[in-house]
Amino acid sequence: MATIGQGADWEELRELVRGGIPVMYRNKIWQEASGAYDMRQPGYYRELLSRQPPEECQCWGDIELDLHRTFPTNVLFSPGGQGIEKLKNILLAYSIHNPLVGYCQGMNLLAGTLLLTNNTEEESFWILVSMLGRRMPEDYFTQQLLSPQADQRVLKELVQEIMPRLSLHFQEMHVDLTAVTFSWFLTLFTDCLPVETLLRVWDVFFVEGMMVVFKIAVAILWMNEKEILKCRNGAAVYCYMKQMTLVMHQADKLMKVSKENTKQALPKQMLHFFHTNLTSLTPLPHCF
Amino acid sequence: MAHTYDFLLKFLITGDSGTGKSCLLHQFVENKFKEGATHTIGVEFGSRIVTIGKNQVKLQIVSCDSAGQERFRSVTRSYYRGAAGALLVYDISNRNSFTSIAKWIADARKLAGADIALMLVGNKLDLEDREVSYLEASRFAQENEMTFLETSALTGEGVEETFLKCGRAILTKIETGQVDPERPGSGIQYGDSSLRRISQKSRPARQKSLCC
């Protein structure tokens, strides 16, 4: 399946996935579509973990801090839950596997979501590796987070193109869209969408890649445009936008809107925007 | 009307990871401890209208939750621009978080301007294993021209007072002319009621000029 990239079969698969992957097939299809099956090397995961004790790991402090604040109300991750140890192992293993990236906040939510969808510890690790290396640009979580920042500029341009009134409203209310949407990109909506909608978004993400994140982001804003326009000050806009995603239970509608309203506007413009924006973002001097 | 206010002041909460920034925000806005919530990436928002002196003041607060991790600094630095005040938070049971405060002061003054009202906040007052004494922190605050308070986002102790003090410090800066609310990026806006007062004042003047 991972080798199929076009043609009628591919279109059919995309259509099916947009309708939602049945729970019993979900983790298998995620592993296949993300490329995790291909990347998997037997024994490698355990070997990574046996290299050094956690405390000697460079990222240990940051990881430890986030272990107890990742889905703490879920029984798997509440104090004493079995998920915490697994989460710790996955994040440590990843930071050793890719020392250039190490650990970045947000990965805990990605790994946690993988564990919550019935993947074993090792399966979750490989999906995470393929997500961060193949489905998302390789430099997504690197030191200064330039790539996700460039994506924010692209998103703003898209909003201006597709929803000019909303874009103007943000300007007038002194609202910085990035303040709300940055985490959508970095955590793939993990910390904002209800879980049933989130999994539907991830289904499509594993098959179609990063483009889906833009499509969903635009669709969320599109579906809430009227209400956002009613907010008469910046604080009200921020508050509305923070809670609007928490109640997006209409996954089918979100999928439909994301497919339709971006059909024309998205691919061609995005590539153009992305390239101009990434080159204009230069790494910051060391002090910042 | 309940929603009118004289000023809108923009605040920022920053500090190391795990110092309780979003819990402080939650305690102030919702009046309760934020329990069992997943920490968010990026920023959190909250706002509340309070009475300071004779003014109704709306505090619009941004908590930079990921600010603690170095790689997020380039992302969160944009929120300093347009902030009238900042709470720099450390954990009284974690010396490293206190040591980092010098870095947060430098960031705030450099990015928001020298006039930003800074508050040093020692959080987690409810914990017993204190690593930073009240005396040491208050001296440090004095040397760096900041107001200092200790709080517990868990019990709510000192939280209200912290935000009110920061608001009051900004209003004083406005009264003494140290900051100009009209300057773009000052982090201060006139609210509906003060706008109304201004337009009422200006109306007779305009009529007069029309007559002439």
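A polar contact here is a pair of N or O atoms within 3.5 Å, where one must be able to donate a hydrogen and the other to accept it. In this predicted model, eleven residue pairs meet that rule between chain A and chain B, with both residues at pLDDT 80 or more. Salt bridges are another story: the count across the interface of chain A and chain B is zero.

As for who touches whom, 39 residues of chain A are in contact with 30 residues of chain B. Putting the two chains together buries about 2900 Å², and carbon and sulfur atoms give 60% of that area. On the chain A side, the elements that supply two or more residues are α5 (60-67), α7 (107-116), α11 (177-186) and α14 (234-244). The largest share comes from α11(A), with six residues. Sorted by class, this side of chain A has 18 nonpolar, 15 polar and six charged residues.

Chain A also has an interface of its own. Its domain assignment gives domain 1 (35-135) and domain 2 (146-280), and the C-alpha centres of these two domains of chain A lie 27 Å apart. Eleven residues from domain 1 and 13 residues from domain 2 take part in the contact. About 960 Å² is buried between the two domains, 79% of it on carbon and sulfur atoms. Here, too, zero salt bridges turn up, along with one residue pair in polar contact, both at pLDDT 80 or more. On the domain 1 side, α7 and α8 (121-135) of chain A each give two or more residues, and α7(A) gives the most, with four. That side is made up of six nonpolar, four polar and one charged residues.

Key. Residues numbered from 1 in each chain as written. Chains lettered and ligands numbered in written order. Predicted model: local features only at pLDDT ≥ 70, side-chain atom pairs only at ≥ 80, totals over all residues. Heavy atoms only, no water. Contact = heavy atoms within 4.5 Å. Buried area = accessible area lost by both parts, 1.4 Å probe. Salt bridge = Lys/Arg side-chain N within 4 Å of Asp/Glu carboxyl O. Polar contact = N/O pair within 3.5 Å; in protein donor to acceptor, adjacent residues only side chain to side chain. Nonpolar A, V, L, I, M, F, W, Y, C, P; charged D, E, K, R; others polar. Domains from an automatic or database assignment.
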